Amino acid sequence: MATFAVLASSMNLRHFLDRHIEQSLLSIGVPDSPALVKQSGRPEFGHYQADGVMGAAKRLGKNPRNLAASLIAVLDLNEIATASVAGPGFINIALKPTFIATELSKMRKDTRLGVAKQKPQNIVVDYSSPNLAKEMHIGHLRSTAIGDAAVRLLEFLGHQVTRVNHMGDWGAQFGSLLAYMDRLTKKGEELATELKDLEVFYQSASQLFKSDESFANEARQFVVRLQSGDPECLRLWQQFIDESLNHCQATYDALDISLKREDVHAESAYNEGLPQVVKALESKGLVQVSDGAKCVFLDEFVGKDGKPLPAIIQKSDGGYPYMATDLVAVQYRSEELKADQALYFVDGRQSLHLAQVFAISRAAGFISEAQHFRHIPFGTILNKAGKPLKTRDGGVVKLADVVTESIARALVLVNEKTPSLSDQAKQEVARIVGIGAIKYAELSRNRTTDYIFDWDTMLAFEGNTAPYLQYAYTRIRSIFRQDKIDPNKIDGEFHLHPQSSAAAEISLAIKLLQYVEAVESVPDDYQANLLCNYLFELSCQFMSFYESCPVLKAEAKVRLSRLMLCDLTAKVLQHGLNLLGVSTLEKM
RNA sequence: GCGCCCGUAGCUCAAUCGGAUAGAGCAUCGGCCUUCUAAGCCGAGGGUUGCAGGUUCGAUUCCUGCCGGGCGUACCA
């Protein structure tokens with residue numbers, strides 16, 4: 001499990017209360033008992049609850065309610081909150097409005113919105129990693145969107161992040177593509193024109209491979225020539241790769257993914273290390289030859305009928321499978337990039353493979369005890385028949401098409417909802433809403449489960465979607481526009497006393513203070529949906545507040561306080577969405 | 001066969017090292033636009049958390065066994 005150390009003291013209330021209560025337990029003679037502080041599930045139970053007393057009482061053979069009462073007696077939270085015993089021994093904690101107001105003021109003055117930097121680590125993030133012999137399709141969205149959000153978040157937390165786009169640009173699959181390019185060249189066709197539509201190009205080559213035996217033979221020849229370094233063949237290959245990379249980059253740019261050309265570290269980059277890595281493993285005594293293939297057998301991997309499960313590092317024909325490539329990549333990330341952590345945002349179906357890669361790397365000493373290599377798996381996108389979307393048959397959904405479709409749908413909507421905007425403004429709204437919806441759809445659900453691709457679900461614009469959050473943001477901005485107020489030029493004290501504030505106002509205020517908790521919870525397991533949930537709940541709280549608490553028409557003190565509350569909400573929404581790779585708008 | 005993942009409202013999903021009455025969105029139904037953007041708000045209905053046991057003061061969560069689904073399991077990646 002990766003560990004993160006916080007540098008400065010953070011404004012994480014949950015952690016603060018957790019530590020404080022744990023120490024208080026210690027002070028009344030209850031050691032080693034976690035306080036188990038969490039946000040309350042219900043408003044009537046206060047804002048936080050500590051559930052640890054019941055377990056502690058049980059271990060000590062004490063009455064839990066009595067122990068809870070003793071604990072409260074020494075808590076000393078007078079300036080911050082009130083605590084009470086409830087039920088079998090829960091401790092309910094309600095923050096005081098004066099404390100909430102003070103914390104909000106601090107948060108408002110902090111450009112990091114209360115989130116402390118962590119002790120910097122070198123973190124390598126492997127994500128997106130499409131195969132260049134195939135068109136980028138909907139299946140690549142998960143790794144790309146989730147990985148990009150992780151990268152942005154880790155950088156914000158102060159880490160040194162290296163993006164690695166481990167693209168598939170090598171291997172047998174390129175044989176038919178190169179053979180097809182070769183044929184076109186000989187026929188005098190303009191390659192640049194043909195390569196403009198890669199999808200058609202892939203399909204033509206693939207069909208020819210199936211239907212034309214002599215073409216299939218040429219394709220196999222090209223594989224051999226490619227791997228032996230034939231210059232003419234490499235030239236063709238490079239031309240194809242360049243075109244394919246341009247296509248990928250265009251898709252990244254369209255989706256506002258932070259990957260750049262220089263982040264590409266493709267499979268072919270590891271070719272020279274392949275013989276070396278086999279030798280290294282042999283010298284450690286880890287290699288056995290089985291059926292002509294060089295294999296590593298580790299006890300922890302058992303195959304069919306209880307037999308040892310091999311990891312093949314060199315095939316019987318002398319070729320290197322991707323196990324070997326991935327092992328060289330581990331060396332690169334460990335030794336060259338000095339990774340404290342390496343995160344692999346890769347389809348869950350690769351679990352066994354990556355477990356083998358990491359286990360072999362540890363056995364061979366490629367990675368040290370202190371280095372954490374982790375597979376962050378995610379589920380598969382399925383078609384309506386419940387089968388994985390495949391590239392070979394017709395059912396491919398091109399990623400670029402999803403982007404186009406989403407923007408088109410958003411444009412229809414903006415025309416309907418806000419006809420007053422200029423055409424140019426509408427286009428921009430449609431673009432930002434469209435790509436936000438796509439990415440958020442990926443990020444907001446649990447990454448581990450499979451799901452069925454459906455246009456309407458993926459491109460939904462209401463409920464827990466990016467447009468809902470973006471809309472909340474524009475409503476706030478509209479308030480400031482209405483009275484021509486510059487949010488950076490207002491200042492004063494928050495007024496959150498119950499007599500002058502609606503419940504919605506207090507709820508919103510507390511939700512804002514919990515931003516740090518949402519952000520810091522994500523790197524535990526890279527569940528971006530935790531941050532999405534938070535932002536959605538924040539937006540819901542704001543929408544309620546907006547309906548029930550007039551801002552501009554309130555009396556002066558309350559008006560100023562509410563303006564600041566709105567401003568802070570806008571800042572958190574924008575910041576959180578940016579961490580997810582989603583942009584905000586002034587109007588929509 | 002073995003291994004990993006999954007099974008929660010009609011649908012898509014939440015549920016923070018086991019916690020209080022399992023929550024949202026969509027869909028359905030009923031309200032709310034002379035008042036800061038209705039892509040919105042308020043309310044209603046909808047559940048034996050696949051089944052059966054076990055551990056526990058307390059289980060969607062942990063354990064065991066079934067049922068159902070997905071993926072993986074020696075030279076594709």
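At what angle do H20 and helix H21 (residues 556-579) pack, and how far apart are their axes? In this predicted model, local features need pLDDT of at least 70 and side-chain atom pairs count only at pLDDT 80 or more, while totals for chains, interfaces and linings use all residues. Residues are numbered from 1 along each chain as its sequence is written, and side-chain values use heavy atoms, with hydrogens and water left out.

The angle between H20 and H21 is about 155 degrees, and their axes lie 10 Å apart. Helices here are DSSP runs (H or I, at least four residues), numbered from the N terminus; axes are lines fitted to C-alpha atoms over the stretch in contact, and angles run from 0 to 180 degrees between N-to-C directions. H20 is therefore roughly antiparallel to H21, a term for angles over 145 degrees, whereas angles under 35 count as roughly parallel, 65 to 115 as roughly perpendicular and the rest as oblique. From H20, the residues in contact (heavy atoms within 4.5 Å) include Leu531, Leu538 and Phe542, which meet a set in H21 that includes Leu565, Val572 and Leu579. The residues of this contact divide into 12 nonpolar, 3 polar and 1 charged; Ala, Val, Leu, Ile, Met, Phe, Trp, Tyr, Cys and Pro count as nonpolar, Asp, Glu, Lys and Arg as charged, and the others, Gly among them, as polar.

Tyr322, Met323, Asp326, Leu327 and Val330 of H12 make the contact with His353, Gln356, Val357, Ile360 and Ser361 of H13. By class, these are 6 nonpolar, 3 polar and 1 charged residues.

A search of the whole structure finds 5 cavities of 30 Å³ or more. On a 1 Å grid over the protein atoms alone, a cavity is a set of points where a 1.4 Å probe fits but cannot get out, and lining residues have an atom within 4 Å of a point. A volume is the space filled by probe spheres set on the points.

The largest cavity has a volume of about 80 Å³. Its lining includes Ile146, Phe345, Tyr526 and Leu531, and H5 (141-156) gives the most, with 4 residues. By class, the lining has 11 nonpolar, no polar and no charged residues. The second largest cavity, of about 50 Å³, has 8 nonpolar, 1 polar and 1 charged residues in its lining, including Glu103 and Gly114.

Definitions and conventions. Chains lettered and ligands numbered in written order. 1 Å grid on protein atoms, 1.4 Å probe; cavity = no way out; pocket = protein on both sides within 12 Å on 5 of 7 lines; lining within 4 Å. Helix = DSSP H or I, 4+ residues; strand = E, 2+ residues; numbered from the N terminus.
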